[in-house]
Amino acid sequence: MNPSAGHQHFSYKTLWDIAYPIMLGNLAQTLIAMTDTAFLGRLSSIALGASMVAGVYYFVYSTIAWGFGTGVQIMVARRLGEKRYKRIGVIFEHGWATVAVLAIVLFLIQHFLSDAILKLFIHSPNIYEAATEFIKYRHYGILIVCFNYLYRSLYIGLSNTRCITYTTIVMACVNIFLDYALIFGHCGFPEMGIGGAAIASVCAELSAFLFFTCYTITRLPLKKYHLFVFHKIEGWLIKTILRLSLPTMFQKLISFSSWFLFFILVEHLGEEQIAISGIIRSVYMLIGIPAFAFGATANTLTSRLIGEGGAGALGRTLSQILRLSWVFLLPIILFCLFFPLTVLSIYTDDVVLAEASVPSLYVICLGVVAMSFGMVYFEAISGTGNTTRALIIEIFVQAAYVFVIWFMAVYLHTDVAYVWLSEFTYGTGIGVLSFAYLKWGKWQKKI
(Lines give C-alpha, C1' and ligand atoms only; values in the text may rest on other atoms or scores of the structure.)
Protein backbone atom coordinates (compact mmCIF):
# COMPACT_ATOMS: atom_id res chain seq x y z
CA MET A 1 0.00 0.00 0.00
CA ASN A 2 1.18 3.53 -0.61
CA PRO A 3 3.76 4.77 1.90
CA SER A 4 2.75 7.66 4.07
CA ALA A 5 3.67 9.41 7.26
CA GLY A 6 2.82 7.68 10.49
CA HIS A 7 3.62 4.31 11.98
CA GLN A 8 0.42 3.55 13.88
CA HIS A 9 -0.70 -0.02 14.08
CA PHE A 10 -3.28 -2.03 15.97
CA SER A 11 -2.72 -5.06 18.17
CA TYR A 12 -4.60 -8.28 17.48
CA LYS A 13 -6.50 -7.68 20.71
CA THR A 14 -7.69 -4.29 19.44
CA LEU A 15 -8.76 -5.81 16.13
CA TRP A 16 -10.61 -8.57 17.94
CA ASP A 17 -12.30 -6.14 20.34
CA ILE A 18 -13.73 -4.29 17.33
CA ALA A 19 -14.54 -7.35 15.23
CA TYR A 20 -16.27 -9.71 17.64
CA PRO A 21 -19.25 -7.44 18.42
CA ILE A 22 -19.63 -6.83 14.68
CA MET A 23 -19.72 -10.61 14.26
CA LEU A 24 -22.52 -10.73 16.79
CA GLY A 25 -24.26 -7.86 15.00
CA ASN A 26 -24.03 -9.75 11.72
CA LEU A 27 -25.25 -12.80 13.59
CA ALA A 28 -28.48 -10.95 14.36
CA GLN A 29 -29.62 -10.80 10.72
CA THR A 30 -28.18 -14.26 10.13
CA LEU A 31 -30.10 -15.70 13.07
CA ILE A 32 -33.32 -14.28 11.65
CA ALA A 33 -32.68 -16.09 8.37
CA MET A 34 -31.40 -19.17 10.19
CA THR A 35 -34.38 -19.53 12.53
CA ASP A 36 -36.83 -18.81 9.70
CA THR A 37 -35.12 -21.50 7.62
CA ALA A 38 -34.98 -23.99 10.50
CA PHE A 39 -38.69 -23.61 11.36
CA LEU A 40 -39.99 -23.29 7.79
CA GLY A 41 -37.84 -26.23 6.69
CA ARG A 42 -40.00 -28.30 9.00
CA LEU A 43 -43.18 -26.78 7.62
CA SER A 44 -42.65 -27.52 3.90
CA SER A 45 -40.07 -27.20 1.14
CA ILE A 46 -42.37 -24.70 -0.59
CA ALA A 47 -42.41 -22.44 2.46
CA LEU A 48 -38.64 -22.78 2.79
CA GLY A 49 -37.95 -21.86 -0.84
CA ALA A 50 -40.48 -19.01 -0.86
CA SER A 51 -39.14 -17.42 2.33
CA MET A 52 -35.65 -17.52 0.88
CA VAL A 53 -36.65 -15.83 -2.41
CA ALA A 54 -38.83 -13.23 -0.65
CA GLY A 55 -36.20 -12.74 2.06
CA VAL A 56 -33.49 -11.94 -0.48
CA TYR A 57 -35.95 -9.66 -2.32
CA TYR A 58 -36.53 -7.76 0.95
CA PHE A 59 -32.79 -7.68 1.63
CA VAL A 60 -32.18 -5.93 -1.70
CA TYR A 61 -34.11 -2.94 -0.32
CA SER A 62 -32.54 -3.01 3.12
CA THR A 63 -29.02 -3.03 1.67
CA ILE A 64 -29.65 0.42 0.20
CA ALA A 65 -29.94 1.64 3.80
CA TRP A 66 -26.85 -0.42 4.64
CA GLY A 67 -24.96 1.40 1.89
CA PHE A 68 -26.06 4.79 3.22
CA GLY A 69 -25.02 3.76 6.71
CA THR A 70 -21.56 2.88 5.39
CA GLY A 71 -21.09 6.50 4.31
CA VAL A 72 -22.04 7.69 7.81
CA GLN A 73 -19.71 5.07 9.32
CA ILE A 74 -16.75 6.30 7.26
CA MET A 75 -17.30 9.92 8.30
CA VAL A 76 -17.80 9.05 11.98
CA ALA A 77 -14.58 7.00 12.01
CA ARG A 78 -12.68 9.80 10.28
CA ARG A 79 -13.89 12.44 12.78
CA LEU A 80 -13.01 10.10 15.63
CA GLY A 81 -9.47 9.79 14.26
CA GLU A 82 -9.28 13.59 13.92
CA LYS A 83 -10.64 13.99 17.50
CA ARG A 84 -13.42 16.27 16.20
CA TYR A 85 -15.94 14.59 18.47
CA LYS A 86 -18.73 17.17 18.35
CA ARG A 87 -19.12 16.71 14.61
CA ILE A 88 -20.07 13.05 15.15
CA GLY A 89 -23.48 14.02 16.52
CA VAL A 90 -24.06 16.39 13.62
CA ILE A 91 -23.24 13.65 11.11
CA PHE A 92 -25.51 11.16 12.88
CA GLU A 93 -28.48 13.54 13.02
CA HIS A 94 -28.17 14.40 9.34
CA GLY A 95 -28.05 10.67 8.66
CA TRP A 96 -31.20 10.19 10.74
CA ALA A 97 -33.12 12.79 8.71
CA THR A 98 -32.02 11.28 5.42
CA VAL A 99 -32.80 7.72 6.52
CA ALA A 100 -36.34 8.72 7.52
CA VAL A 101 -37.05 9.79 3.94
CA LEU A 102 -35.29 6.74 2.51
CA ALA A 103 -37.29 4.34 4.71
CA ILE A 104 -40.62 5.78 3.59
CA VAL A 105 -39.68 5.62 -0.10
CA LEU A 106 -38.50 2.00 0.16
CA PHE A 107 -41.64 1.03 2.09
CA LEU A 108 -43.97 2.54 -0.52
CA ILE A 109 -42.17 0.77 -3.36
CA GLN A 110 -42.47 -2.59 -1.63
CA HIS A 111 -46.04 -1.97 -0.49
CA PHE A 112 -47.43 -1.22 -3.94
CA LEU A 113 -45.11 -3.06 -6.34
CA SER A 114 -43.88 -6.25 -4.63
CA ASP A 115 -46.63 -8.56 -5.93
CA ALA A 116 -46.04 -7.48 -9.53
CA ILE A 117 -42.25 -7.69 -9.23
CA LEU A 118 -42.29 -11.16 -7.69
CA LYS A 119 -44.78 -12.41 -10.29
CA LEU A 120 -42.45 -11.19 -13.01
CA PHE A 121 -39.57 -13.35 -11.74
CA ILE A 122 -40.96 -16.39 -9.92
CA HIS A 123 -41.77 -19.39 -12.10
CA SER A 124 -43.59 -21.71 -9.66
CA PRO A 125 -47.18 -20.70 -8.69
CA ASN A 126 -46.72 -22.37 -5.29
CA ILE A 127 -43.52 -20.45 -4.56
CA TYR A 128 -45.12 -17.20 -5.75
CA GLU A 129 -48.17 -17.56 -3.52
CA ALA A 130 -46.07 -18.27 -0.44
CA ALA A 131 -43.54 -15.51 -1.25
CA THR A 132 -46.25 -12.82 -1.55
CA GLU A 133 -47.72 -14.00 1.78
CA PHE A 134 -44.30 -13.58 3.37
CA ILE A 135 -43.55 -10.14 1.91
CA LYS A 136 -47.05 -8.87 2.79
CA TYR A 137 -45.92 -8.70 6.40
CA ARG A 138 -42.14 -8.56 6.02
CA HIS A 139 -42.00 -5.26 4.13
CA TYR A 140 -43.10 -3.30 7.23
CA GLY A 141 -39.67 -4.05 8.66
CA ILE A 142 -37.99 -1.69 6.19
CA LEU A 143 -39.33 1.28 8.21
CA ILE A 144 -37.29 0.02 11.15
CA VAL A 145 -34.23 -1.69 9.73
CA CYS A 146 -33.02 1.49 7.99
CA PHE A 147 -32.54 3.13 11.40
CA ASN A 148 -30.92 -0.02 12.80
CA TYR A 149 -28.27 0.16 10.07
CA LEU A 150 -27.69 3.82 10.96
CA TYR A 151 -27.19 2.99 14.64
CA ARG A 152 -24.92 0.11 13.71
CA SER A 153 -22.81 2.45 11.55
CA LEU A 154 -22.50 4.92 14.42
CA TYR A 155 -21.17 2.29 16.81
CA ILE A 156 -18.82 0.67 14.30
CA GLY A 157 -17.51 4.11 13.34
CA LEU A 158 -16.83 4.86 17.01
CA SER A 159 -15.11 1.46 17.41
CA ASN A 160 -17.56 1.00 20.30
CA THR A 161 -19.41 -2.10 19.26
CA ARG A 162 -20.55 -3.55 22.61
CA CYS A 163 -24.08 -2.29 22.02
CA ILE A 164 -24.27 -4.42 18.88
CA THR A 165 -23.63 -7.48 21.04
CA TYR A 166 -26.53 -6.74 23.35
CA THR A 167 -28.84 -5.84 20.48
CA THR A 168 -28.09 -9.15 18.79
CA ILE A 169 -29.07 -11.12 21.88
CA VAL A 170 -32.37 -9.23 22.22
CA MET A 171 -33.16 -9.57 18.52
CA ALA A 172 -32.36 -13.28 18.36
CA CYS A 173 -34.45 -14.12 21.43
CA VAL A 174 -37.49 -12.24 20.12
CA ASN A 175 -37.24 -13.83 16.68
CA ILE A 176 -36.76 -17.40 17.90
CA PHE A 177 -39.68 -17.21 20.33
CA LEU A 178 -42.07 -15.60 17.83
CA ASP A 179 -41.03 -17.99 15.03
CA TYR A 180 -41.90 -20.90 17.31
CA ALA A 181 -45.17 -19.28 18.42
CA LEU A 182 -46.47 -17.82 15.15
CA ILE A 183 -45.43 -20.39 12.53
CA PHE A 184 -46.95 -23.36 14.32
CA GLY A 185 -49.48 -21.63 16.62
CA HIS A 186 -47.90 -22.38 20.01
CA CYS A 187 -48.27 -20.48 23.32
CA GLY A 188 -51.77 -19.29 22.47
CA PHE A 189 -50.71 -17.54 19.24
CA PRO A 190 -52.49 -18.12 15.90
CA GLU A 191 -50.94 -20.59 13.45
CA MET A 192 -49.77 -18.37 10.57
CA GLY A 193 -47.14 -20.44 8.77
CA ILE A 194 -44.86 -18.41 6.53
CA GLY A 195 -46.67 -15.17 7.42
CA GLY A 196 -45.83 -15.81 11.07
CA ALA A 197 -42.12 -16.01 10.21
CA ALA A 198 -42.35 -12.60 8.52
CA ILE A 199 -44.11 -11.01 11.53
CA ALA A 200 -41.51 -12.51 13.88
CA SER A 201 -38.72 -10.91 11.85
CA VAL A 202 -40.38 -7.48 11.91
CA CYS A 203 -40.88 -7.69 15.68
CA ALA A 204 -37.24 -8.71 16.14
CA GLU A 205 -36.09 -5.65 14.17
CA LEU A 206 -38.38 -3.42 16.23
CA SER A 207 -36.89 -4.77 19.45
CA ALA A 208 -33.40 -3.99 18.12
CA PHE A 209 -34.39 -0.42 17.27
CA LEU A 210 -35.83 0.18 20.74
CA PHE A 211 -32.72 -1.25 22.39
CA PHE A 212 -30.36 0.80 20.20
CA THR A 213 -32.26 4.00 21.05
CA CYS A 214 -32.40 3.36 24.79
CA TYR A 215 -28.73 2.34 24.95
CA THR A 216 -27.61 5.39 23.00
CA ILE A 217 -29.53 7.80 25.22
CA THR A 218 -28.44 6.22 28.50
CA ARG A 219 -24.89 4.97 27.83
CA LEU A 220 -23.17 7.12 25.21
CA PRO A 221 -21.57 10.46 26.24
CA LEU A 222 -24.17 12.60 24.46
CA LYS A 223 -22.46 15.90 25.29
CA LYS A 224 -19.08 14.74 24.04
CA TYR A 225 -20.50 13.74 20.65
CA HIS A 226 -23.30 16.35 20.55
CA LEU A 227 -25.88 13.62 19.95
CA PHE A 228 -29.58 14.52 19.87
CA VAL A 229 -28.84 18.24 20.08
CA PHE A 230 -30.94 18.79 16.94
CA HIS A 231 -28.53 20.92 14.95
CA LYS A 232 -29.51 23.09 12.04
CA ILE A 233 -29.58 21.28 8.73
CA GLU A 234 -26.32 21.76 6.84
CA GLY A 235 -27.00 21.19 3.17
CA TRP A 236 -23.34 20.72 2.32
CA LEU A 237 -23.02 17.98 4.95
CA ILE A 238 -25.94 16.01 3.51
CA LYS A 239 -24.34 16.37 0.08
CA THR A 240 -21.02 15.09 1.47
CA ILE A 241 -22.65 12.08 3.14
CA LEU A 242 -24.59 11.32 -0.04
CA ARG A 243 -21.46 11.71 -2.18
CA LEU A 244 -19.80 9.07 -0.02
CA SER A 245 -22.89 6.91 0.37
CA LEU A 246 -24.47 6.88 -3.08
CA PRO A 247 -21.74 4.80 -4.74
CA THR A 248 -21.90 2.36 -1.81
CA MET A 249 -25.71 2.30 -1.99
CA PHE A 250 -25.53 1.47 -5.69
CA GLN A 251 -22.78 -1.07 -5.00
CA LYS A 252 -24.91 -2.86 -2.39
CA LEU A 253 -27.97 -2.64 -4.64
CA ILE A 254 -26.09 -4.19 -7.56
CA SER A 255 -24.54 -6.84 -5.34
CA PHE A 256 -27.74 -8.05 -3.71
CA SER A 257 -29.84 -7.64 -6.85
CA SER A 258 -27.43 -10.09 -8.42
CA TRP A 259 -27.95 -12.40 -5.47
CA PHE A 260 -31.70 -12.10 -5.98
CA LEU A 261 -31.13 -13.02 -9.63
CA PHE A 262 -29.10 -16.01 -8.45
CA PHE A 263 -32.04 -17.43 -6.52
CA ILE A 264 -34.56 -16.62 -9.24
CA LEU A 265 -32.52 -18.58 -11.79
CA VAL A 266 -32.10 -21.43 -9.31
CA GLU A 267 -35.88 -21.40 -8.72
CA HIS A 268 -36.29 -22.09 -12.44
CA LEU A 269 -34.28 -25.30 -11.94
CA GLY A 270 -37.07 -26.68 -9.75
CA GLU A 271 -38.65 -26.50 -6.31
CA GLU A 272 -36.15 -28.94 -4.76
CA GLN A 273 -33.20 -26.92 -6.08
CA ILE A 274 -34.57 -23.72 -4.56
CA ALA A 275 -35.19 -25.51 -1.25
CA ILE A 276 -31.55 -26.69 -1.27
CA SER A 277 -30.41 -23.13 -1.97
CA GLY A 278 -32.58 -21.84 0.87
CA ILE A 279 -30.68 -24.08 3.26
CA ILE A 280 -27.28 -23.34 1.74
CA ARG A 281 -27.91 -19.59 1.81
CA SER A 282 -28.58 -19.76 5.54
CA VAL A 283 -25.45 -21.87 6.18
CA TYR A 284 -23.39 -19.54 3.98
CA MET A 285 -24.55 -16.46 5.90
CA LEU A 286 -23.70 -18.22 9.17
CA ILE A 287 -20.20 -19.46 8.31
CA GLY A 288 -19.44 -16.20 6.47
CA ILE A 289 -19.98 -14.06 9.59
CA PRO A 290 -16.22 -13.73 10.35
CA ALA A 291 -15.52 -12.72 6.74
CA PHE A 292 -18.06 -9.90 6.72
CA ALA A 293 -17.26 -8.81 10.30
CA PHE A 294 -13.55 -8.46 9.61
CA GLY A 295 -14.45 -6.64 6.38
CA ALA A 296 -16.40 -4.06 8.42
CA THR A 297 -13.42 -3.85 10.80
CA ALA A 298 -11.12 -3.12 7.85
CA ASN A 299 -13.50 -0.38 6.69
CA THR A 300 -13.62 1.55 9.96
CA LEU A 301 -9.94 1.12 10.85
CA THR A 302 -8.86 2.27 7.39
CA SER A 303 -10.82 5.51 7.81
CA ARG A 304 -9.56 5.92 11.37
CA LEU A 305 -5.93 5.36 10.37
CA ILE A 306 -6.16 8.00 7.65
CA GLY A 307 -7.80 10.43 10.09
CA GLU A 308 -4.91 9.86 12.54
CA GLY A 309 -2.32 10.34 9.78
CA GLY A 310 -1.26 6.70 9.89
CA ALA A 311 -2.07 5.56 6.35
CA GLY A 312 1.40 4.03 6.07
CA ALA A 313 0.34 1.28 8.46
CA LEU A 314 -2.64 0.24 6.34
CA GLY A 315 -0.98 -2.70 4.58
CA ARG A 316 0.14 -4.26 7.84
CA THR A 317 -3.23 -3.70 9.47
CA LEU A 318 -5.14 -5.33 6.61
CA SER A 319 -2.80 -8.35 6.67
CA GLN A 320 -3.46 -8.72 10.41
CA ILE A 321 -7.21 -8.53 9.86
CA LEU A 322 -7.08 -11.14 7.08
CA ARG A 323 -5.07 -13.54 9.24
CA LEU A 324 -7.57 -13.20 12.08
CA SER A 325 -10.43 -13.78 9.66
CA TRP A 326 -8.91 -17.05 8.44
CA VAL A 327 -8.13 -18.18 12.00
CA PHE A 328 -11.80 -17.94 12.90
CA LEU A 329 -13.04 -19.38 9.62
CA LEU A 330 -10.87 -22.51 9.65
CA PRO A 331 -12.55 -24.47 12.48
CA ILE A 332 -16.03 -23.59 11.16
CA ILE A 333 -15.16 -24.79 7.67
CA LEU A 334 -13.53 -28.00 8.95
CA PHE A 335 -16.64 -28.81 10.97
CA CYS A 336 -18.82 -28.31 7.89
CA LEU A 337 -16.55 -30.53 5.79
CA PHE A 338 -16.36 -33.40 8.27
CA PHE A 339 -19.91 -33.25 9.66
CA PRO A 340 -22.06 -31.90 6.80
CA LEU A 341 -25.27 -33.73 7.72
CA THR A 342 -25.02 -32.52 11.32
CA VAL A 343 -24.90 -28.93 10.06
CA LEU A 344 -27.71 -29.42 7.55
CA SER A 345 -29.95 -31.17 10.11
CA ILE A 346 -30.30 -27.77 11.84
CA TYR A 347 -32.32 -26.58 8.86
CA THR A 348 -34.34 -29.58 7.80
CA ASP A 349 -35.46 -32.97 9.10
CA ASP A 350 -35.83 -34.23 5.52
CA VAL A 351 -32.88 -36.64 5.15
CA VAL A 352 -33.12 -36.75 1.34
CA LEU A 353 -33.07 -32.94 1.10
CA ALA A 354 -30.14 -32.74 3.52
CA GLU A 355 -28.10 -35.30 1.55
CA ALA A 356 -28.86 -33.47 -1.70
CA SER A 357 -27.51 -30.27 -0.11
CA VAL A 358 -24.08 -31.69 0.84
CA PRO A 359 -22.26 -30.92 -2.49
CA SER A 360 -23.43 -27.29 -2.31
CA LEU A 361 -22.19 -27.08 1.28
CA TYR A 362 -18.72 -28.19 0.17
CA VAL A 363 -18.68 -25.55 -2.56
CA ILE A 364 -19.61 -22.66 -0.24
CA CYS A 365 -16.83 -23.67 2.16
CA LEU A 366 -14.45 -22.86 -0.70
CA GLY A 367 -16.39 -19.72 -1.54
CA VAL A 368 -16.29 -18.25 1.96
CA VAL A 369 -12.47 -18.51 2.09
CA ALA A 370 -12.30 -16.43 -1.09
CA MET A 371 -14.95 -14.05 0.29
CA SER A 372 -12.95 -13.38 3.46
CA PHE A 373 -9.98 -12.27 1.35
CA GLY A 374 -12.18 -10.16 -0.89
CA MET A 375 -14.14 -8.41 1.87
CA VAL A 376 -11.10 -7.21 3.84
CA TYR A 377 -9.51 -5.42 0.88
CA PHE A 378 -12.74 -4.29 -0.76
CA GLU A 379 -14.14 -2.75 2.44
CA ALA A 380 -10.80 -1.00 2.97
CA ILE A 381 -11.34 0.88 -0.29
CA SER A 382 -14.65 2.25 1.02
CA GLY A 383 -12.84 3.15 4.24
CA THR A 384 -10.46 5.39 2.30
CA GLY A 385 -13.48 7.39 1.08
CA ASN A 386 -13.04 6.21 -2.52
CA THR A 387 -16.52 4.76 -2.71
CA THR A 388 -16.85 5.54 -6.41
CA ARG A 389 -13.82 3.36 -7.16
CA ALA A 390 -15.34 0.63 -5.01
CA LEU A 391 -18.51 0.86 -7.11
CA ILE A 392 -16.52 0.51 -10.35
CA ILE A 393 -14.76 -2.60 -9.03
CA GLU A 394 -18.10 -4.03 -7.90
CA ILE A 395 -19.62 -3.56 -11.37
CA PHE A 396 -16.78 -5.42 -13.09
CA VAL A 397 -16.86 -8.31 -10.62
CA GLN A 398 -20.66 -8.55 -10.68
CA ALA A 399 -20.56 -8.91 -14.45
CA ALA A 400 -18.36 -12.01 -14.04
CA TYR A 401 -20.55 -13.25 -11.17
CA VAL A 402 -23.78 -13.00 -13.16
CA PHE A 403 -22.15 -14.67 -16.17
CA VAL A 404 -21.15 -17.69 -14.07
CA ILE A 405 -24.68 -17.95 -12.65
CA TRP A 406 -26.25 -17.74 -16.12
CA PHE A 407 -23.75 -20.18 -17.64
CA MET A 408 -24.31 -22.82 -14.94
CA ALA A 409 -28.05 -22.42 -14.31
CA VAL A 410 -29.41 -21.45 -17.73
CA TYR A 411 -26.92 -22.52 -20.39
CA LEU A 412 -25.74 -25.80 -18.83
CA HIS A 413 -28.82 -26.30 -16.63
CA THR A 414 -26.49 -28.00 -14.19
CA ASP A 415 -26.81 -29.09 -10.56
CA VAL A 416 -27.23 -26.22 -8.09
CA ALA A 417 -23.86 -26.99 -6.44
CA TYR A 418 -22.08 -25.77 -9.58
CA VAL A 419 -24.13 -22.57 -9.57
CA TRP A 420 -22.76 -21.84 -6.08
CA LEU A 421 -19.27 -21.65 -7.63
CA SER A 422 -20.25 -18.08 -8.51
CA GLU A 423 -19.53 -17.11 -4.87
CA PHE A 424 -15.91 -18.23 -5.28
CA THR A 425 -15.72 -16.19 -8.50
CA TYR A 426 -17.02 -13.10 -6.70
CA GLY A 427 -14.76 -13.35 -3.64
CA THR A 428 -11.60 -13.99 -5.66
CA GLY A 429 -12.33 -11.31 -8.26
CA ILE A 430 -13.18 -8.54 -5.84
CA GLY A 431 -10.21 -9.41 -3.63
CA VAL A 432 -7.64 -9.34 -6.44
CA LEU A 433 -8.89 -6.06 -7.93
CA SER A 434 -9.16 -4.37 -4.52
CA PHE A 435 -5.70 -5.50 -3.45
CA ALA A 436 -4.24 -4.20 -6.71
CA TYR A 437 -5.93 -0.81 -6.30
CA LEU A 438 -4.74 -0.37 -2.70
CA LYS A 439 -1.20 -1.35 -3.67
CA TRP A 440 -0.79 0.73 -6.82
CA GLY A 441 -3.68 3.23 -6.97
CA LYS A 442 -4.00 6.75 -5.57
CA TRP A 443 -6.45 6.30 -2.74
CA GLN A 444 -5.63 8.86 -0.04
CA LYS A 445 -8.22 11.64 0.07
CA LYS A 446 -9.81 14.09 2.52
CA ILE A 447 -13.50 13.83 3.41
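Predicted model: local features only at pLDDT ≥ 70, side-chain atom pairs only at ≥ 80, totals over all residues.

Biologist: Where is Cys187, and is it buried or exposed?

Modeller: Cys187 lies in the loop between α6 and α7. Its relative accessible area is 53%, so Cys187 counts as exposed. Cys187 also has a positive phi of about 55 degrees, although it is not a glycine.

Biologist: What is the phi of His226?

Modeller: His226 is not a glycine either, and its phi is positive, at about 55 degrees. His226 is found in the loop between α8 and α9. With 25% relative accessibility, His226 is partly exposed.

Biologist: Let us turn to the rings. How many aromatic pairs are there?

Modeller: A search of the whole structure gives 41 aromatic pairs. One of them joins Phe107 and Tyr140, with 5.3 Å centre to centre and 50 degrees between the planes, and this pair is tilted. Phe107 lies in helix α3 and Tyr140 in the loop between α4 and α5, so the pair ties together parts that are 33 residues apart in sequence. Phe107 is buried, at 14% relative accessibility, whereas Tyr140 is partly exposed, at 39%.

Biologist: And which helix holds Phe403 and Trp406?

Modeller: Both lie in helix α15, three residues apart, which is about one turn of the helix.

Biologist: Which ring has the charged end of Lys252 over it?

Modeller: That is the ring of Trp66, with the charged end of Lys252 at 4.0 Å from its centre. Lys119 lies over the face of Tyr128, at 5.1 Å from the ring centre.

Biologist: Finally, what are the buried residues of α17?

Modeller: They include Tyr426, Ile430, Tyr437 and Leu438. Seen down the axis of α17, the buried residues fall within an arc of 155 degrees, so they line one face of the helix.

Biologist: What covers them?

Modeller: The cover of the buried residues of α17 includes α9, α10, α12, α14, α15 and α16.

Key: Residues numbered from 1 in each chain as written. Heavy atoms only, no water. Buried < 20%, exposed > 50% of the residue type's maximum accessible area, 1.4 Å probe, protein only. Helix = DSSP H or I, 4+ residues; strand = E, 2+ residues; numbered from the N terminus. Arc of directions from axis to C-beta. Contact = heavy atoms within 4.5 Å. Phe/Tyr/Trp six-rings, centres within 6.5 Å; stacked < 30°, edge-to-face > 60°. Lys NZ or Arg CZ within 6 Å of the ring centre and 35° of its normal.
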